[in-house]
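Please find below a colleague's note on the structure shown here. The points are numbered so that each may be taken up separately.

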Amino acid sequence: MMLPVYLGLLRKAEQVLASSYRQVAEGHGAEPDVYHLCQTLARQCDQHERALAPVTERYGEHPDDEPERFHAAGISSTRSGPVGLIRDLQDLYLLANLVDVTWMMVKQAALALRDDQLVAVVGQCEAQIKVQLSWLTTRMKQAAPQALIIAK
């Protein structure tokens with residue numbers, strides 16, 4: 001069974017996304033909505049990781065033998081200015097999509113296993129990550145005209 005591989009990927013991806021939200025919050029603290037929402041979304045990612053704990057206790061968690069082709073490196077520094085904000089939000093969007101698609105694959109395994117506990121965990125967390133993606137999209141759309149046309 002390879003589910004433990006994906007549980008490990010998911011846990012790590014949630015950790016990376018949480019730390020990246022915190023980095024963007026601190027780096028763009030002058031934007032109050034970005035600061036507060038990124039802090040809130042980081043706490044959500046922490047909750048997702050905690051929700052996975054009983055599942056990983058049951059199924060385990062281990063890396064596979066496949067080479068990593070894409071590395072989900074977290075955001076270690078932020079850019080400045082309006083263009084920097086939308087580029088940092090775009091980075092968050094990509095990381096959040098990685099988390100979303102990983103939840104989707106774990107959900108398919110949970111359904112096949114008829115694991116109601118895992119299906120419930122996935123349902124809650126998957127819904128929240130979709131809201132995160134929606135906010136990131138909306139915030140980028142809001143900031144893009146200013147950043148790409150007006151700002152120098």
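1. The protein chain exposes about 8600 Å², of which carbon and sulfur atoms supply 56%. Accessible areas come from the Shrake-Rupley method with a 1.4 Å probe, and for residues only the protein chains shown count as cover. Of the 152 residues of the protein chain, 38% count as buried; buried stands for under 20% relative accessible area, exposed for over 50%, and partly exposed for values in between (1.4 Å probe, protein chains only).

2. The model is a predicted one, in which local features need pLDDT of at least 70 and side-chain atom pairs count only at pLDDT 80 or more, while totals for chains, interfaces and linings use all residues. Residues are numbered from 1 along each chain as its sequence is written, and side-chain values use heavy atoms, with hydrogens and water left out.

3. The secondary structure of the protein chain amounts to four helices and zero strands, in the order α-α-α-α along the sequence. The radius of gyration is 17 Å, close to the 15 Å that the globule rule gives for 152 residues, so the protein chain is as compact as a globular protein of that length. Helices (H or I, at least four residues) and strands (E, at least two) are DSSP runs, numbered from the N terminus. The radius of gyration is taken over C-alpha atoms, and the globule rule is 2.2 Å times the number of residues to the power 0.38.

4. Taken along the principal axes, the C-alpha atoms of the protein chain fill a box of roughly 55 × 30 × 20 Å. Among contacts between residues at least 6 apart in sequence, 79% join residues at least 24 apart, a contact being heavy atoms within 4.5 Å.

5. How many salt bridges are there? The count comes to 10 salt bridges, where a salt bridge is a side-chain nitrogen of Lys or Arg within 4 Å of a carboxyl oxygen of Asp or Glu. Side chains of opposite charge can pair when their charged atoms come close.

6. One of the salt bridges joins R11 and E61, whose closest N and O atoms are 2.6 Å apart. R11 lies in helix α1 (residues 3-27) and E61 in the loop between α2 (32-59) and α3 (81-113), so the pair ties together parts that are 50 residues apart in sequence. R11 is partly exposed at a relative accessible area of 26%, and E61 is partly exposed at 33%. A network of salt bridges links R11, E49 and E61.

7. Another salt bridge is formed by D115 and R58, with the closest N and O atoms 2.6 Å apart. Because D115 lies in the loop between α3 and α4 (116-150) and R58 in helix α2, the pair ties together parts that are 57 residues apart in sequence. D115 counts as buried at 7% relative accessibility, whereas R58 is partly exposed, with a relative accessible area of 42%.

8. In the salt bridge between K130 and D100, the closest N and O atoms are 2.9 Å apart. K130 belongs to helix α4 and D100 to helix α3, so this pair ties together parts that are 30 residues apart in sequence. K130 is partly exposed, with a relative accessible area of 42%, while D100 is buried at 12%.

9. C38 counts as buried at 0% relative accessibility, and C45 is buried with a relative accessible area of 1%.

10. R114 is found in the loop between α3 and α4 and counts as exposed at 71% relative accessibility.

11. On the surface, Y6, L9, L98, V101, M104 and M105 form a nonpolar patch with about 440 Å² of accessible area together. The elements that give two or more residues to the patch are α1 and α3, and α3 supplies the largest share, four residues. L9 is placed in helix α1 and is partly exposed, with a relative accessible area of 34%. Patches are made of residues with over 30% relative accessible area and no salt bridge; like charges are joined within 9 Å, and nonpolar side chains (Val, Leu, Ile, Met, Phe, Trp, Tyr) within 5 Å.
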